[in-house]
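Please consult the sequence and structure as the turns proceed.

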Amino acid sequence: MSAFLSDTALIFGRYARQTLRSKFQILFGVLMPLLYLLFFGPLLTDLPLGSRGDSWQVLVPGLLLQLGLFGASYSGFAIIIEKQFGVVERMRVTPVSRLALLLGRVLRDAALFVFQAVLLVLASLAMGLRAPLAGILIGFAFVAVLTVVLASLSYALALLVPKAHEFGPVINAVSMPSMLLSGLMLPMALAPGWLDVLSHFMPFRYLVDAVRAAYVGDYASTAMLYGVLTAAALTLVSVTVGTRVFRTAGA
């Protein structure tokens, strides 16, 4: 166990240092959610959104998970670049745990997107968001979990596809329906009945509903329970799949 933790810390430190050297990557990733916040948020003020809480308590949780959804989904591009430069090949001959190779990367991604989520929430507070501190912290936890889930699957996919131009279309085909059906921008209560039913088959919806419940201080609701259970199941499946692909792909 000590060797595994040491390996994970080593990989995390390597990629964290790369990220810290790229201030552009740290700040630019939060730009799209921030633009949504500035230009889309005021349009929702005083509109009946069919959900508890005001417009900011509806929009900001969705933007937080949007940050994780789109950011973590494209994390695999880094693996494709590393394959081209032989980094993956060199890691293949080391005794480092394959799980550590995966976790070191995804934990770096989780730290990055939680930091960006903090910046987004600070901007939201300046624009009028009011939410309990516990709810805000729960939102950060869900961002971290979603990042671990999607980054694990993204790295696994990147190891399986040979070229970057094959990776991008797959991610787009998954991320866009996920955003629309999970109710990131608006609650699915506003959707037609058939679309609302269809959205229940999208696991990310339960995470969004849980964070929105946390932002109104409802920590013991059914939405929170379903969100936690879904997050735990997704984490177990994605890390298992990612580790297996890292092992079989010789990463």
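Q: In this predicted model, how far apart are Arg-205 and Asp-209 in terms of helical turns?
A: Both residues lie in helix H12 (residues 204-215), and because they are four residues apart, about one helical turn separates them.

Q: Which residues are linked with Arg-205 in a network of salt bridges?
A: The network links Asp-196, Arg-205 and Asp-209. In the salt bridge of Asp-196 with Arg-205, the closest N and O atoms are 2.6 Å apart.

Q: Is Arg-205 buried or exposed?
A: Buried means under 20% relative accessible area. Arg-205 has 10% and is therefore buried. Asp-196, at 21%, counts as partly exposed, as does Asp-209 at 26%.

Q: How many salt bridges does the structure hold?
A: The structure holds three. One of them joins Arg-108 and Asp-109, whose closest N and O atoms are 2.9 Å apart; Arg-108 and Asp-109 are both buried.

Q: Which residues make the nonpolar surface patch?
A: A residue needs over 30% relative accessible area to be part of a patch. Here Phe-24, Phe-28, Leu-31, Leu-35, Leu-38 and Phe-39 make a nonpolar patch of about 630 Å². Leu-38, in helix H3, is partly exposed with a relative accessible area of 39%.

Q: Which helix gives the most to the nonpolar patch?
A: Helix H3 gives the most, with four residues. Helices H2 (23-28) and H3 (31-39) each supply at least two.

Methods:
Residues numbered from 1 in each chain as written. Predicted model: local features only at pLDDT ≥ 70, side-chain atom pairs only at ≥ 80, totals over all residues. Heavy atoms only, no water. Patch = residues over 30% accessible without salt bridge, like charges linked within 9 Å, V, L, I, M, F, W, Y side chains within 5 Å. Areas by Shrake-Rupley, 256 points an atom, 1.4 Å probe, with all protein chains shown as cover. Salt bridge = Lys/Arg side-chain N within 4 Å of Asp/Glu carboxyl O. Buried < 20%, exposed > 50% of the residue type's maximum accessible area, 1.4 Å probe, protein only.
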